[in-house]
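Trainee: I have a model open and would like to go through it with you. Can we take it one question at a time?

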Amino acid sequence: MLDNPTLAAQLRHPHGDAAMAVAESMNRSNGALNRAAIALLAVQANEHILEIGPGNAAFAPLLLAAPGSRYLGVELSSEMVRAGNALLRGNGLAGRAQLQAGDAQALAVGNARFDAALAVNTLYFWPDLPGVLARLAAALRPGGRLCLAFGDAAFMRSLPFTAHGFHLYERARVEHALHASGFPAWIHRTHAETGTSNDGRRVDKQFHLLLARRG
């Protein structure tokens with residue numbers, strides 16, 4: 001078991017000998033939330049999808065279930081990029097999908113290129129939340145969709161590792177940032193479950209899902 005500062009650093013950027021174990025832990029802990037967010041995003045045939053912080057791309061095949069859909073994952077960790085591209089190849093998806101190294105705070109994926117974007121449990125690592133959202137708005141075509149999934153701030157504060165470098169945003173602040181960054185409309189859903197957190201404890205989890213449309 002990693003100590004709280006080390007766990008927080010690994011969750012932000014899986015690296016070194018612990019990278020793959022951390023990725024598997026995140027996939028287990030965040031599985032239900034990822035599936036809920038993907039269902040809400042509702043990818044359609046031939047859409048081009050952008051995901052920020054996909055880890056080892058364990059959930060990318062679900063985003064590629066629609067015929068002709070394409071996928072780009074932007075991931076901070078080089079270990080996750082290698083593992084994710086291997087997973088995509090193993091699932092016969094390399095022709096439609098890839099991971100590339102990158103930072104959401106310096107996102108460079110082209111303008112109006114994507115139909116939909118997804119970020120699950122990653123905005124805690126965006127100190128400039130409006131700036132990242134503005135870059136995501138630029139990456140989406142007009143009317144494109146963005147799904148953000150993130151922990152309720154009160155719940156997140158109950159997890160000791162979040163005291164080490166996590167930015168915990170109240171729902172109202174995220175909604176304000178969306179409006180200011182080119183997303184004038186959105187819908188909100190809640191997601192609650194009892195499960196294991198990344199530090200191994202059984203907890204009652206509370207999450208927000210926001211599905212926004214670019215103006």
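This is a predicted model: local features need pLDDT of at least 70, side-chain atom pairs count only at pLDDT 80 or more; totals for chains, interfaces and linings use all residues.

Trainee: Which residues of helix 2 and helix 4 make the contact?

Mentor: Take each side in turn. Helix 4 gives Glu79, Met80 and Ala83. From helix 2 come Ala19, Met20 and Ala23.

Trainee: By class, how many residues in the contact of helix 2 with helix 4 are nonpolar, and how many are charged?

Mentor: Sort the contact residues by class. None is polar. The count is five nonpolar and one charged.

Trainee: Are helix 2 and helix 4 roughly parallel or roughly perpendicular to each other?

Mentor: Look at the axes. They come within 10 Å and cross at roughly 65°. Angles of 65 to 115 degrees count as roughly perpendicular. Helix 2 and helix 4 are therefore roughly perpendicular.

Trainee: Is the crossing of helix 5 and helix 7 left-handed or right-handed, and which residues make the contact?

Mentor: Helix 5 passes helix 7 in a right-handed crossing. On the helix 7 side, the contact uses Val174, Ala177 and Leu178. By class, the contact has six nonpolar residues, with no polar and no charged ones. On the helix 5 side, the residues are Leu129, Pro130 and Leu133.

Trainee: Now the space inside. How much space lies in the largest cavity?

Mentor: The structure holds one cavity of 30 Å³ or more. The space in the largest cavity is about 610 Å³.

Trainee: Which residues are the closest to the centre of the largest cavity?

Mentor: The lining has 37 residues. They divide into 20 nonpolar, 12 polar and five charged. Closest to the centre are Leu11, Val120, Asn121, Thr122 and Phe125.

Trainee: Which element gives the largest share of the lining of the largest cavity?

Mentor: Several elements give two or more residues, including helix 1, strand 1 and strand 7. The largest share is six residues, and it comes from helix 2.

Terms used. Residues are numbered from 1 along each chain as its sequence is written. Side-chain values use heavy atoms; hydrogens and water are left out. On a 1 Å grid over the protein atoms alone, a cavity is a set of points where a 1.4 Å probe fits but cannot get out, and a pocket is an open set with protein on both sides within 12 Å along at least five of seven lines; lining residues have an atom within 4 Å of a point. Grid points are joined across faces, edges and corners, and a volume is the space filled by probe spheres set on the points. Helices (H or I, at least four residues) and strands (E, at least two) are DSSP runs, numbered from the N terminus. Ala, Val, Leu, Ile, Met, Phe, Trp, Tyr, Cys and Pro count as nonpolar, Asp, Glu, Lys and Arg as charged, and the others, Gly among them, as polar. A crossing is left-handed if the near helix is turned anticlockwise from the far one by less than a right angle, and right-handed if clockwise. Contact means heavy atoms within 4.5 Å. Axes are lines fitted to C-alpha atoms, for helices over the stretch in contact, and angles run from 0 to 180 degrees between N-to-C directions. Angles under 35 degrees count as roughly parallel, over 145 as roughly antiparallel, 65 to 115 as roughly perpendicular and the rest as oblique.
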